[in-house]
Amino acid sequence: MAFLFALTPLVLAGLWSRIFKLSKPGPDKNAVYECGLESKGDAWIQFRADYYLYGIIFLIFDVETIFLFPFATAFLDLSFGAFLAMMVFLLLLVEGLVWAWRKGVLTWK
């Protein structure tokens, strides 16, 4: 039953796409574009890895600080164990920030 439960939506979606798809190939439909504009130049542009690392670190700290909001709203109603768990979480965040700072990830060159 579990196998059928997982495969049934996939089979139905495949049948639906084969029956109702519009197949109208043409030069406009087959053209390579991005954001509605035709691409110009070479697609293999190398970017510095620092940009990606900076973006990933920003996302990590941005998402993890969202976890602090429920803790802050229920701060007075929490036990000491919950407080201790949040302090360990903050310690790990600060440790990651110090690591990134020492590695020089947060400085632009």
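These legends accompany close-up views of a predicted model.

**Figure 1. Model confidence along the chain.** The model is predicted. The protein has an average pLDDT of 84. A score of at least 70 is reached by 94% of the residues. Confidence is highest in helix α1, residues 2–20, at a mean of 93. Confidence is lowest in strand β1, residues 33–34, where the mean is 64.

**Figure 2. Helix α3 against helix α5.** Two packed helices are described by the angle between their axes and the distance between the axes. Here the pair is α3, residues 49–66, and α5, residues 80–103. Their axes come within 12 Å. The crossing angle is roughly 160°. Angles over 145 degrees count as roughly antiparallel, and α3 and α5 are therefore roughly antiparallel to each other. The crossing of α3 past α5 is left-handed.

**Figure 3. Residues at the α3 and α5 contact.** Helix α3 contributes I57, F61 and E64. Helix α5 answers with F89, L93, G96, L97 and A100. By class, the residues of this contact divide into six nonpolar, one polar and one charged.

Figure 4. M86 lies in helix α5. Its relative accessibility is 13%. Buried means under 20%, so M86 counts as buried. Neighbours within four places in sequence are set aside for the contact list. M86 is then in contact with F67, L68 and F71.

**Figure 5. M86 and W16.** This view pairs two residues that are 70 residues apart in sequence. From C-alpha to C-alpha, M86 and W16 are 48 Å apart in space. M86 sits in helix α5.

Methods. Residues numbered from 1 in each chain as written. Predicted model: local features only at pLDDT ≥ 70, side-chain atom pairs only at ≥ 80, totals over all residues. Heavy atoms only, no water. Axes fitted to C-alpha atoms, helices over the stretch in contact; angles between N-to-C directions. Helix = DSSP H or I, 4+ residues; strand = E, 2+ residues; numbered from the N terminus. Parallel < 35°, antiparallel > 145°, perpendicular 65-115°, else oblique. Left-handed = near helix turned anticlockwise from the far one by under 90°. Contact = heavy atoms within 4.5 Å. Nonpolar A, V, L, I, M, F, W, Y, C, P; charged D, E, K, R; others polar. pLDDT = per-residue confidence, 0-100. Buried < 20%, exposed > 50% of the residue type's maximum accessible area, 1.4 Å probe, protein only.
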